[in-house]
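Trainee: I am new to this one. Can we go through the labels and see what backs each of them?

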Amino acid sequence: MTAARLDVDHRALMSYLGAWALSACSPEEAAAVESHLPECARCAEEAHRLRDAVGLLHHEEPLDLDPGLRARVLESCLDRRPPKIPVPEWAAAYDTETARLDALLQDIQDAEWHAPVRLRWFEGEEQVGRRTTVAGVIGHLMTVDGLVAVALGLEDPLGARTPAHLVAPDARTEALWNASPLPQTRSVRGPWREQSHRLVSALSLESDRSAALAVAYGGYALPLRDSLLDRAFECWVHAEDIAGAVDYPYDPPKPRHLHGMIDLAARMLPGVIGQRRQAGLGRGVPEPGGVLHLEIEGAGGGDWYIGLDGESGGAGESGEAAAESGRAVAHVALDGVEFCRLAAGHVQPREAAAGQDGDMDAVHEVLFAAASLSRM
């Protein structure tokens, strides 16, 4: 509906020009000015000058930055800024993922540290969970990273008198959560951040010595190189948990880091298949020497051939011999990020594969073994 035009004289219309330039007139006043300007060169010139002046004023902008800006700036800095002490390539994914998570934590508000988060993983063939908060997730990361710190001779975040049985990640986490009658707050960020920096510094200064170490997780151990990939993977997965809890966008890792995480999971799968079979969770005895062709698509992708005999070391990227000999009894194709979320226990195995063919028992074995890689 067109606003009614006011019947006012020239002097009154001139008095409206400033308010009109600021879009502060009533609809009737604005209609009167805009009808008058084509008929009066003097007022039109003044209106044009005032509108130009308004354009020089600061527009009201929201105080919140574009949610993706911090991530883009951080990514650029990590790519271009050479560190004072070079970080070993095998520790670069951990260095990057802790820096990305720290940038996310910098942005969240005090109240958001208490936002509920549900940790998810697989036990047997069922997905289980544990409820905590954003602060609780950071405490969990800190205590499990503490196993790497102990292997390097650094301080254990649980204290110097930590009982010997507190090696398993879930037991360590529960010990931290139960140590205080009050929920954790944003104050946990400082100790987690400092420990991450100490780890990276120690790895950078003594990379040759530390590369030969192993990290015990209670029931199994990983070479330090693989352990840093494992910690980078968990840091990313739980950063996504936190980002989801506070409604913040969060991107997957760089392709080369994602590739390393996928490779670690693929190398661990044959051993997990063997453990599941011993626990009575397997689908029978596979064909001797059989392998499954795992094709990972997208960023960080590649081809892995997973040994189905249940022996460690039965996975690799150079699977030409396995493929040529016809020992690939099944094929599974997944997106790289989807495979990682399966290995984190965030995706149901039956819903994970984009494409699968061949021996369906073998497909079942590998998908459920991938989910069994997950833990609290």
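Mentor: We will take the labels in turn and set each value against its definition.

Mentor: This is a predicted model, where local features need pLDDT of at least 70, side-chain atom pairs count only at pLDDT 80 or more, and totals for chains, interfaces and linings use all residues. Residues are numbered from 1 along each chain as its sequence is written, and side-chain values use heavy atoms, with hydrogens and water left out.

Trainee: How many helices and strands are in the chain?

Mentor: The chain has 14 helices and nine strands. Both are DSSP runs, numbered from the N terminus: helices are H or I with at least four residues, strands are E with at least two.

Trainee: What share of the residues counts as buried?

Mentor: Of the 376 residues in the chain, 44% are buried. Buried means under 20% relative accessible area, exposed over 50%, and partly exposed in between, with a 1.4 Å probe and protein chains only.

Trainee: How do you know that the span of helix α1 agrees with its number of residues?

Mentor: The expected span is 1.5 Å times one less than the number of residues. Helix α1 has 12 residues (residues 10-21), so it should span 16 Å. Its end C-alpha atoms are 17 Å apart, which agrees. Helix α8 has 17 residues (residues 189-205) and should span 24 Å. Its ends are 24 Å apart, so α8 agrees too.

Trainee: Which residues of α1 are buried?

Mentor: They are Leu13, Tyr16, Leu17, Trp20 and Ala21. They cover an arc of only 135° around the axis, so they sit on the same side of α1. That arc is taken from the directions from the helix axis to the C-beta atoms. The face turned away from the buried side carries the exposed residues Arg11 and Ser15. After α1 comes serine 23, with a positive phi near 60°.

Trainee: What makes a group of residues a nonpolar core?

Mentor: The members are buried Ala, Val, Leu, Ile, Met, Phe, Trp, Tyr and Cys residues, joined through side-chain atoms within 4.5 Å. The largest such core has 84 residues. Those touching the most other members include Leu101, Trp236 and Leu292. Helix α10 (residues 224-245) gives the most to this core, with 11 residues. A second, separate core has 14 residues, among them Leu13, Trp20, Ala21 and Ala47.

Trainee: Why is leucine 308 called buried?

Mentor: Its relative accessible area is 3%, so leucine 308 is buried. It lies in the loop between β6 (302-307) and β7 (315-316). Leucine 292 touches Leu308, and also Trp304 and Val332, among others. Contact here means heavy atoms within 4.5 Å.

Trainee: Why is the pair of tyrosine 217 and tyrosine 220 called stacked?

Mentor: Rings of Phe, Tyr and Trp (its six-membered ring) pair if their centres lie within 6.5 Å; planes under 30 degrees apart count as stacked, over 60 as edge-to-face and the rest as tilted. The structure holds two aromatic pairs. In the pair of tyrosine 217 and tyrosine 220, the centres are 5.4 Å apart and the planes are at 10°, so the pair is stacked. Tyrosine 217 counts as buried at 0% relative accessibility, whereas tyrosine 220 counts as partly exposed at 33%.

Trainee: What makes the pair of phenylalanine 233 and tryptophan 236 edge-to-face?

Mentor: Their ring centres are 6.1 Å apart and their planes are at 75°, so the pair is edge-to-face. They are three residues apart in helix α10, so about one helical turn separates them.

Trainee: Why does histidine 364 count as buried?

Mentor: Histidine 364 has 10% relative accessibility, so it counts as buried. It is found in helix α14 (residues 360-372). Not counting residues up to four places away in sequence, histidine 364 touches Glu125, Arg276 and Arg283.
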